[in-house]
Amino acid sequence: MEISVTFLNNPTVEDTLQIGELIGEGKFKVFEAYSETRKTNYALKVFPSDAEGTELYHKEKKFSSLSHPNLIQRTPIDCHDSDYHGQLIELARFGDFFDVVQDGFFRNNRDLMRTYFHQLIKGVEYMHSQGVAHLDLKLENIMLGENFLLKIIDFDSSEPISAKTTLSRGTKDYRAPELMNGNSLDFAAADIYSMGVILYIFKTGEFPFAEEQRGKSNPRSSIFKFRSDKETFWTEKCLKYGGSSVLSEEFIELIDGMLERDPKKRFTIQEVKNSRWFKGNILGEQELKSIMKAKWNEVKKEKLN
């Protein structure tokens with residue numbers, strides 16, 4: 001299949017994109033695409049031309065000027081087809097973080113995990129410096145790009161930090177409590193909470209807890225213990241995952257600060273960066289690439305088998 005487009009940074013020249021396989025299917029479909037003129041592979045995100053699709057297309061397009069090594073990059077185009085809107089984005093060909101974290105790989109590679117958490121913080125810190133909150137940070141929305149760099153994707157839930165309201169409710173089990181309840185007044189703090197959940201999953205391969213049911217707090221549930229008896233919560237988690245050698249005091253201190261229920265008391269990005277765990281060793285670019293290439297080849301082989 002081919003589609004005709006105009007690259008907006010060179011609007012006098014029409015181009016033809018060769019559309020390849022479907023590589024993502026959430027709210028919208030994402031296809032691999034190749035530009036013969038530019039000799040470049042991209043990902044094409046397709047928004048239907050109905051009211052919702054058009055609204056979200058323009059919302060994402062509004063943030064297309066954001067440019068940082070840890071944010072997915074966009075190439076602005078016009079599609080010559082009235083049935084849909086297309087957004088051309090950098091191809092993150094190594095996929096998302098699910099295959100990396102699910103088998104405990106990060107748990108046994110503390111410096112690797114910390115390196116990727118640094119990259120996540122850098123990307124979100126840049127967004128906040130530009131006045132934008134992501135509001136839907138989760139494993140599905142962080143990808144592995146060229147040289148295995150972390151790339152944050154999908155800005156259709158994003159809002160200006162200065163906004164007073166949002167329709168975004170984030171994603172279940174990742175979202176801050178105030179976002180779930182629709183009364184968030186600090187969108188930057190909501191992103192911090194979601195990054196705390198992601199870091200916990202990096203370490204354990206599991207969510208720290210499921211969302212509480214309003215008015216039905218269960219004293220045996222993980223979230224009830226975390227809110228009311230952190231000592232019991234962390235004692236049980238340490239027993240489950242192998243003790244303080246896995247869940248160190250420095251790590252627990254950071255998670256406690258990022259998953260604070262009250263957004264006014266929750267860690268800021270600067271407090272995250274000042275934490276003891278964050279200041280530990282990280283990997284250089286070549287070492288990161290070497291480790292992740294071996295892991296990616298292992299995952300690819302397992303999928304083929």
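This note sets out several points on the packing and pairing seen in the structure above.

1. Basis. The model is predicted, with local features requiring pLDDT of at least 70 and side-chain atom pairs counting only at pLDDT 80 or more, while totals for chains, interfaces and linings use all residues. Residues are numbered from 1 along each chain as its sequence is written, and side-chain values use heavy atoms, without hydrogens or water.

2. Main core. A nonpolar core is a set of buried Ala, Val, Leu, Ile, Met, Phe, Trp, Tyr and Cys residues joined through side-chain atoms within 4.5 Å; buried means under 20% relative accessible area, exposed over 50% and partly exposed in between (1.4 Å probe, protein chains only). The largest such core has 69 residues, of which Phe-106, Tyr-116, Phe-117 and Phe-202 touch the most other members. Helix α5 (residues 187-204) gives the most to this core, namely eleven residues. Helices (H or I, at least four residues) and strands (E, at least two) are DSSP runs numbered from the N terminus.

3. Strand pairing. Two strands pair if DSSP finds at least two bridges between them. Strand β1 (residues 2-7) pairs in the antiparallel sense with strand β2 (residues 14-25) over five bridges, and Ile-3 stands opposite Leu-17 in β2. β1 also pairs in the antiparallel sense with strand β6 (residues 77-79), over three bridges; there, Thr-6 has Asp-78 as its bridge partner.

4. Aromatic pairs. Rings of Phe, Tyr and Trp (its six-membered ring) pair if their centres lie within 6.5 Å; planes under 30 degrees apart count as stacked, over 60 as edge-to-face and the rest as tilted. The count comes to 20 aromatic pairs. The rings of Phe-28 and Phe-47 are tilted, because their planes stand at 45°, with centres 4.6 Å apart. Both Phe-28 and Phe-47 are buried. Tyr-174 and Phe-207 form an edge-to-face pair, since their planes stand at 80°, with centres 5.0 Å apart. Tyr-174 is buried at 3% relative accessibility, whereas Phe-207 is partly exposed at 33%.

5. Lys-138. This residue lies in the loop between β8 (132-133) and β9 (142-144). Lys-138 counts as buried because its relative accessibility is 15%. Leaving aside neighbours within four places in sequence, Lys-138 is in contact (heavy atoms within 4.5 Å) with Thr-171, Tyr-174 and Ile-198.
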